[in-house]
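Subject: Handing over the structure

Hi,

Here's the structure I promised you.

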Amino acid sequence: MRCSAFSVPFSVACSVACSVSWGLLTLLAAVPQSLSAQPAGGALSAAQQLGMRLYNQSCVVCHEKPQITSGQYGPTLSKDSAGGRDDVMRDVIANGTPRMPGFKYQFEPSQIDAIVAYLKTVPTPPPAAPAPAPR
Ligand code: HEC
């Protein structure tokens, strides 16, 4: 499980990670990429790798759980996010939502495209909680 990788050398980060703050963005930027989400396997194109790097720097803070005991602010992202539509993903990333900042001043359109290309390699996550067994 990818979360476990976060719990290792993070005593400093843990105290901070409980509150989602913008300072955490800087903190996460220093995390080696090997600790962050891995795609479904196979080699990524250059654009997808760029997208993964940007995602790991700017998005995991809200879209993944920093550690098993902390909350997650935004939905888990995958190729099915935003209805699986590239154009909607691009719009959300550029312009944000009421609860998510837009990134159009931070990223070039080509960088946003790269993030979308990366998200398209991320498999659909399993449901958060297993459904109760049928009786
Ligand atoms: C401050 C926290 C935060 C950050 C940082 C953030 N997001 Fe989000 N994002 C959210 C929240 C919360 C939502 C859910 C929509 C809402 O409630 O407004 C969301 C929704 C989305 C969605 C739509 C998901 C769906 O299926 O509807 C996409 C795609 C997305 N974010 C991509 C990104 C990407 C890519 C980045 C990094 C460049 C990013 N987000 C950074 C909080 C964040």
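Let's start with the ligand: 22 residues sit around it, and C59, C62, G74, T97 and M100 come nearest. (A residue is near a molecule or strand if its C-beta atom, placed from the backbone, lies within 6 Å of it.) Before going on, note that this is a predicted model, where local features need pLDDT of at least 70 and side-chain atom pairs count only at pLDDT 80 or more, while totals for chains, interfaces and linings use all residues. Residues are numbered from 1 along each chain as its sequence is written.

Three helices, α3 (46-58), α4 (60-63) and α5 (86-95), each supply at least two residues of that shell. (Helices are DSSP runs of H or I with at least four residues, strands are runs of E with at least two, and both are numbered from the N terminus.) By class, the shell has 16 nonpolar residues, five polar and one charged. (Ala, Val, Leu, Ile, Met, Phe, Trp, Tyr, Cys and Pro count as nonpolar, Asp, Glu, Lys and Arg as charged, and the others, Gly among them, as polar.)

Now for the helix packing. The axes of α3 and α6 come within 7 Å and cross at roughly 95°. (Axes are lines fitted to C-alpha atoms, for helices over the stretch in contact, and angles run from 0 to 180 degrees between N-to-C directions.) α3 and α6 are therefore roughly perpendicular to each other. (Angles under 35 degrees count as roughly parallel, over 145 as roughly antiparallel, 65 to 115 as roughly perpendicular and the rest as oblique.) Their contact has 10 nonpolar, three polar and no charged residues.

α5 also packs against α6 (residues 109-119), at an angle of about 125° with the axes 10 Å apart. That makes this pair oblique. On the α5 side the contact uses D86, M89, R90, I93 and A94, and on the α6 side I112, I115, V116 and L119. (Two residues are in contact if their C-beta atoms, placed from the backbone, lie within 7 Å.)

What is A94 in contact with, leaving aside its neighbours within four places in sequence? The partners are G102, F103, K104 and I112. A94 and I112 are 18 residues apart in sequence, yet 7.4 Å apart in space, C-alpha to C-alpha. A94 is partly exposed, because it has 15 other C-beta atoms within 10 Å. (Buried takes 20 or more, exposed 12 or fewer, and partly exposed is in between, with C-beta atoms placed from the backbone.)

Cheers!
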